[in-house]
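Hi,

Here is the structure I said I would pass on. Have a look at it first, and then read my notes below.

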Amino acid sequence: MVKWILAAGAAALAISTPSLAQQGGGNKGGGGKPDKAERGGGGGGKPVRVEQQGGGKQVRVEQRGGGNQQLRVDRKGGDTLRSADKGERMVARSKGDDRIKGGGKDSVRSAERRSDDRDLRNLDRDDVDGRRLVRFDDDDRGFRGLVGGCPPGLSKNPPFCMPSGQFKKIGSVLPAAFSSRMLDGPFQQWYRDDDRFFYRNDGDYIYRVNRDGGLIDALFPLADRDFSYYPIGMNYPSEFDQYNVPYQYRSFYPEGGAYDYRYGDGAIYQVNPSTNAIQSIVALLAGDLGVGQPMPLNYGAYNVPIDYRDRYYDTPDAMYRYNDGYIYRADPKTQLITAVIDAIV
Amino acid sequence: MIKPWMLGCVAALALGACGKQSEPAATSEPAAERAGDKTLATGLAKNAKLAAAVKAAGLEATLAGPGPYTLIAPSDAAFEKLPAGALDTLMKPEGRAELTAVLTHHILPGTILAADIGKAIDAGGGKALIATIGGGTLTATREGAGILLADAAGTRAMVTAADQQRSNGVIHQVDSVLMPTQ
């Protein structure tokens with residue numbers, strides 16, 4: 001499988017260390033106007049190979065060690081992109097109309113291919129803009145870090161790495177086309193409609209809509225990119241600078257304390273409220289399981305926390321898996337996730 | 001000559017990323033209270049390089065929080081098997097994103113004991129696929145009486161000490177660093 005990501009940091013690992021080449025050794029949540037009420041609330045690395053092709057259009061760096069240690073980064077330009085395929089990435093992180101409705105594994109893979117096609121289009125566009133791409137070959141789920149060279153929710157088109165123009169929709173009426181697009185997968189548990197807000201998505205963003213007036217109150221990037229995290233030290237994007245911690249983690253990372261907490265594409269960040277600098281990653285979320293979705297094939301191993309194992313153990317009729325604060329029950333025969341059984345954080 | 005990481009910083013500079021030192025961070029009181037005293041974060045006494053990497057990536061609070069996670073902990077010797085300079089590069093401020101990606105390839109959602117992996121291997125006809133928190137997959141197989149974990153590139157990490165149970169998860173010591181790429 002081939003993964004493409006923009007060079008930004010990834011190439012740093014491969015290329016900013018000349019010694020490597022010479023040694024041979026070796027979701028998203030919350031934009032919009034702050035709401036005061038809610039705010040409170042293989043060792044040995046042997047050969048290292050560097051290839052440059054096409055007048056700098058393609059750079060390949062490989063680090064291999066002990067016959068089993070390999071890190072390869074390809075950077076390409078021009079029209080040499082290959083189609084991406086998530087391969088064994090079985091997780092149904094569906095979005096919008098690509099949502100998987102109780103389908104089997106084939107449908108999951110199909111949906112993921114669609115998702116990758118979308119990513120590839122974006123990357124093609126980046127390339128046309130003269131930006132550099134990094135490709136990670138990956139038979140597995142792939143390494144899609146800073147897609148477009150930018151952390152989640154930021155534009156891969158000029159001006160680069162700035163919040164997308166989507167945020168301009170804050171304060172506007174939710175487009176009718178999105179009014180029926182409910183959150184799916186894990187997000188339906190993380191962001192629940194209440195008396196004040198409801199949540200919808202367009203495949204790229206989650207919209208928090210104020211019931212009073214129906215205006216978009218906040219916008220969460222729904223980047224869904226593997227291994228894509230904001231590095232500590234950078235400022236949290238101001239356009240997404242709203243309290244948006246998933247529901248199940250709010251008691252641990254509340255509003256109104258000494259720090260701000262923000263959720264973005266797989267992690268909850270601790271942010272200095274004065275400088276807006278990300279100080280720490282306080283929790284990691286997988287976002288892999290959701291009711292109605294097939295159990296991903298890479299959840300074969302029982303992972304229920306110790307204190308809950310006497311209550312939730314696999315039987316011929318039910319299997320239990322933990323994810324992001326919840327214990328899910330699935331049907332062993334159909335592998336469909338049928339219910340959220342317990343919230344444990 | 002402009003180097004790729006410099007270009008990476010150009011993008012990041014717009015966000016105030018490059019060169020900025022983060023301030024020391026701790027997990028929140030409710031999270032620390034829930035996690036207890038003997039957390040994954042405090043269970044790395046024999047993993048100095050990993051502990052330093054976790055700190056550099058800003059992941060200490062995650063390992064000191066409620067979790068639960070399964071931490072695949074490469075030994076210091078495992079890090080020494082990386083190509084010379086690789087870890088140093090990852091530990092630089094401009095390498096934080098990649099360092100975080102590498103580390104999250106060693107963190108699994110939930111508590112997975114060695115016996116759980118063994119059962120999954122048996123049920124899977126000799127191998128089991130295990131999701132990492134960062135979006136990757138490790139492949140587990142049996143190797144003699146032990147368990148072998150492999151990344152997509154085929155890097156093999158033997159579990160050398162399993163089931164070090166902590167208040168917010170479990171640690172399995174391994175002898176190689178796994179990478180989220182091939």
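Let me start with chain B. Among its contacts between residues at least 6 apart in sequence, 62% join residues at least 24 apart, where contact means heavy atoms within 4.5 Å. Before going on, some housekeeping: this is a predicted model, so local features need pLDDT of at least 70 and side-chain atom pairs count only at pLDDT 80 or more, while totals for chains, interfaces and linings use all residues. Residues are numbered from 1 along each chain as its sequence is written, chains are lettered from A and ligands numbered from 1 in the order in which they are written, and side-chain values use heavy atoms, with hydrogens and water left out.

**Chain B**

Chain B has eight helices and seven strands; these are DSSP runs numbered from the N terminus, with helices being H or I of at least four residues and strands E of at least two. It has 182 residues, and 60% of them count as buried. Buried means under 20% relative accessible area, exposed means over 50%, and partly exposed is in between, with a 1.4 Å probe and protein chains only.

Helix α7(B) packs against helix α3 (residues 48-57) of chain B at an angle of about 125°, with the axes 9 Å apart. That makes α3(B) oblique to α7(B). Axes here are lines fitted to C-alpha atoms, for helices over the stretch in contact, and angles run from 0 to 180 degrees between N-to-C directions. As for the wording, under 35 degrees is roughly parallel, over 145 roughly antiparallel, 65 to 115 roughly perpendicular, and the rest oblique. From α3(B), the contact uses B:L50, B:A53, B:V54, B:A56 and B:A57, and from α7(B) it uses B:R96, B:L99, B:T100 and B:L103. By class that gives seven nonpolar, one polar and one charged residues. The classes are Ala, Val, Leu, Ile, Met, Phe, Trp, Tyr, Cys and Pro as nonpolar, Asp, Glu, Lys and Arg as charged, and the others, Gly among them, as polar.

Strand β3(B) runs antiparallel to strand β4 (residues 137-143) of chain B, joined by four bridges; two strands pair if DSSP finds at least two bridges between them. B:I130 stands opposite B:L138 in β4(B). The hairpin has five residues between its strands, and B:G135 takes a positive phi near 105° there.

One more for this chain: the peptide bond from B:G67 to B:P68 is cis, with omega near -5°. B:P68 sits in the loop between α4 (60-63) and β1 (69-74) of chain B. Most residues other than glycine have a negative phi, and most peptide bonds are trans.

**Chain A**

Here you will find an open sheet of three strands in the order β6-β7-β8, with antiparallel pairing. Its edge strands are β6 (197-201) and β8 (216-221) of chain A, each pairing on one side only. The twist averages 20° from one strand to the next. Five bridges hold β6(A) to strand β7 (residues 205-210) of chain A, and A:R200 has A:Y207 as its bridge partner.

Another open sheet in chain A has the order β12-β13-β14, again antiparallel. Strands β12 (319-323) and β14 of chain A stand at the edges with a single partner strand each, so one side of each lacks a neighbour in the sheet. Neighbouring strands are turned by 30° against each other on average, direction ignored. In β13(A), A:Y326 is the bridge partner of A:N323.

- A:Q242, between β8 and β9 (260-263) of chain A, is buried at a relative accessible area of 5%. Its C-alpha atom is 6.9 Å from that of A:R262, 20 residues apart along the chain.
- A:N276 has a positive phi of about 70° although it is not a glycine, and it is buried at 14% relative accessible area.
- A:Q335 also has a positive phi, near 65°, and is partly exposed at 21% relative accessible area.

Cheers
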